[in-house]
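Subject: Structure handover

Hello,

Here is the structure for you to look over. My notes come after it.

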Amino acid sequence: MGGLLGRAALPGLLSGPRAAGPSLLARPSSGGSSWTRERTLVAVKPDGVQRRLVGDVIQRFERRGFKLVGMKMLQAPETVLAEHYHDLRRKPFYPALISYMTSGPVVAMVWEGPNVVCSSRAMIGHTNSAEAAPGTIRGDFSVHISRSGDPDTLSHWS
């Protein structure tokens, strides 16, 4: 499967109307303890977009009760990808990863809800798609480790 993205560089790609303030928003409930609303970035990588999996990903997050608060299809700029994958720049597969990630559009989404960071990681599944459990996005939709050496179709950033 292509992949989801999940670090700090891609959130800047979702320009447009956004709520001001931190990514963790606290709002008191009426008469009870307060609850925390989290936001997380999830991106469907080029092969997931090509395989028309975006709707399936959206459906799974909506079924879990999360709210889609931003979405954009874009061609990820190489400079943003270089920042996002900075920790991998010395790996032998890095040039292929950047080439793959610029090979087609990415769909970046911001999801909001209680415990969305932890829940989305569980929903997406193990980073290595061969080890992803059935019922997870990677477990259900992955067909092989991608050309980039990046074994997923989804990425996740908190």
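Below is what was found, starting with how to read the values.

This is a predicted model, in which local features need pLDDT of at least 70 and side-chain atom pairs count only at pLDDT 80 or more, while totals for chains, interfaces and linings use all residues. Residues are numbered from 1 along each chain as its sequence is written, and side-chain values use heavy atoms, with hydrogens and water left out.

Aromatic pairs

The structure contains 2 aromatic pairs (Phe, Tyr or Trp rings, the six-membered one for Trp, with centres within 6.5 Å; stacked if the planes are under 30 degrees apart, edge-to-face if over 60, tilted for the rest). Phe 61 and Phe 66 make a tilted pair, 6.3 Å centre to centre with 50° between the planes. Phe 61 and Trp 111 are stacked, because their ring centres are 5.0 Å apart and their planes at 25°. Phe 61 belongs to helix α2 (residues 54-63) and Trp 111 to strand β5 (residues 106-113), so this pair ties together parts 50 residues apart in sequence. Helices (H or I, at least four residues) and strands (E, at least two) are DSSP runs, numbered from the N terminus. The ring pairs link Phe 61, Phe 66 and Trp 111 into a cluster.

Phe 61 is buried at a relative accessible area of 0%, and Trp 111 is buried at 0% as well (buried is under 20% relative accessible area, exposed over 50%, partly exposed in between; 1.4 Å probe, protein chains only).

In α5, the buried residues include Val 116, Val 117, Ser 119, Ser 120, Met 123 and Ile 124. They cover an arc of only 165° around the axis, so they sit on the same side of α5 (the arc is that of the directions from the helix axis to the C-beta atoms). Gly 125 follows α5 and has a positive phi, near 100°.

Arg 138 lies in helix α6 and is buried, with a relative accessible area of 7%. A polar atom of the Arg 138 side chain is 3.4 Å from the backbone oxygen of His 126.

Regards

Notes: A polar contact is a pair of N or O atoms within 3.5 Å; within protein, one must be able to donate a hydrogen and the other to accept it, and residues adjacent in sequence count only if both atoms are side-chain atoms.
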